[in-house]
Protein chains: 2
Amino acid sequence: MAGASDRPIGVFDSGVGGLTVLKELRRQLPGESTVYLGDEARMPYGPRPADEVIAFTRQAMAWFAEQRCKLVVLACNTATAVALETVRDEAAVPVIGVVRPGAAAAISASARRAVGVLATTGTVRSGSYLRALRDLDPLVDVVQQACPKLVPLVEAGEARSRAAEDAVREYVEPLLRDGAVVSPAVDTLLLGCTHYPLLRETIERVAGPGVRVVDSAATTALAVREVLESHHLRRAAGDAEHRVHATGPSDRFRQVASTIFGEELPLVGQVELV
Amino acid sequence: MAGASDRPIGVFDSGVGGLTVLKELRRQLPGESTVYLGDEARMPYGPRPADEVIAFTRQAMAWFAEQRCKLVVLACNTATAVALETVRDEAAVPVIGVVRPGAAAAISASARRAVGVLATTGTVRSGSYLRALRDLDPLVDVVQQACPKLVPLVEAGEARSRAAEDAVREYVEPLLRDGAVVSPAVDTLLLGCTHYPLLRETIERVAGPGVRVVDSAATTALAVREVLESHHLRRAAGDAEHRVHATGPSDRFRQVASTIFGEELPLVGQVELV
């Protein structure tokens, strides 16, 4: 009989971005089965009003409960920023977001305590990174930069295009000048959206060698592992099963996803959220 | 009547080093009460054999159970490296170590995936940072450097001395040359001992601006917070109580501790571990 620890970890995103977190989880927790859900039909979440994002995230949580997940990761910064507290109170299993892990990674990496946050409009508007970073260090200088062009570019499979580079320059360059937006200039850029690691090379090139570009993947996986172990729900060994689902047509999803997973991408099934 | 969430968080170290973690915990979780125990009478742990460190950590866990702690942080890398798995299996409450949080911070911060680990002899010998870093990124280049002179210098209140600077140079400089010990040169130094943040300024100056110096404090606090919330044991508000205990004479302990906490240092009581 399968025990509670054999149940899968649920991973949720508005689209393909959360696959960057899934990849890290699978690398760090190779014995764990996973179920991924990308709400491709309704992405991007960034520009949506908060009550809509909360409603969609609740639907996803109900779906993960049907899949008997033992823990759910909101691998979407927008959903974490506006819906985590609500769904955490309602859920029967632990729910881990990506905002506090991302903030902890950035605070760890920043020598001058000056952090730039690249995020969606919804995440910036929520102020959740600002709060998470200041909880960690009340004296940190934070500048948030909304990057509305980036998720659509990644979802269109254009992460390596000239348009993507132009957009990154537009968003990143103002954060690099001493005193222009923040004083001193940021020495750390936090990728406050799980789609952005797919633009990491471009962002690192634009930011230059003095700036660390950090994401939430490693620290989110740390939080998942510590929480699982504290609940005696860790599954360290054995064959793991991986399923990937999207709410929209899976062709484009599969194509972009393959740039993240290569040959390893598990099958994509289409589901409807209600 | 006090509920389970009102119980304190226990924080353990071989000496004063764990106070750097305690400080971060108190900053991030201001509603939580804490009980600190520094095994000053038997420090340093670094050179001790594993079975002795396990025995001492078990004694500390029994003492924290008497204090009715709801969670214990092993804010000592040596104790985490050799005793975490054992005491975690035996404890009735969650136990959080500092090795995996530190590794996650370093992996987040390293752009070239080349990390130098400064740690005690015992921690280096255990290989636990090597495993934790490779779990996170199998391709990471890791060089471990045992730094046996540093804990005694910090515990003697000589963190700002010429002797401390000489010792830091001896340990750090070999890690900064391309191909000398690791190829490429490390771009991130992980402070793999909770005493070392008290030498941070010196280490940063020796390492230079291209190297990030990261510790486990922020990511350990993240793990504590996520685990507490997942168990509904978080205490977000209300008057918090803080107690600090040492196993040895408290004078030197208090003096070094005041360089970490300034005026805020709670009273130090002496206890005996059996």
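A salt bridge is counted here where a side-chain nitrogen of Lys or Arg lies within 4 Å of a carboxyl oxygen of Asp or Glu. By this rule, twelve salt bridges are found across the interface of chain A and chain B, and in one of them the side chains of A:Arg212 and B:Asp187 meet at 3.8 Å, N to O. The structure is a predicted model, in which local features need pLDDT of at least 70 and side-chain atom pairs count only at pLDDT 80 or more, while totals for chains, interfaces and linings use all residues. Residues are numbered from 1 along each chain as its sequence is written, chains are lettered from A in the order in which they are written, and side-chain values use heavy atoms, with hydrogens and water left out.

Between the two chains, 37 residues of chain A are in contact with 37 residues of chain B, contact meaning heavy atoms within 4.5 Å. The area buried between chain A and chain B is about 3,100 Å², with 51% given by carbon and sulfur atoms; buried area is the accessible area (1.4 Å probe) that two parts lose on being put together, summed over both. Of the area that chain A buries against chain B, 22% is supplied by A:Arg100, A:Arg212 and A:Glu226, more than by any other three residues.

A rotation of 180° with 0.0 Å of shift along its axis superposes chain A on chain B, with an RMSD of 0.0 Å, so the two copies are related as by a two-fold rotation axis. The superposition is by least squares on the C-alpha atoms of residues with pLDDT of at least 70 in both copies. Because 100% of the interface residues of chain A are also interface residues in chain B, the copies meet through the same surface.

Within chain A, the domain assignment, which comes from an automatic or database source, gives domain 1 (4-97 + 218-270) and domain 2 (99-215). The centres of these two domains of chain A, taken over C-alpha atoms, are separated by 22 Å. In this chain, 28 residues of domain 1 are in contact with 24 residues of domain 2, and the two domains bury about 1,800 Å² between them, 58% of it on carbon and sulfur atoms. A:Asn77, A:Ala81 and A:Thr219 supply 29% of the area that domain 1 of chain A buries against domain 2 of chain A, more than any other three residues. The count of salt bridges between domain 1 of chain A and domain 2 of chain A is zero.
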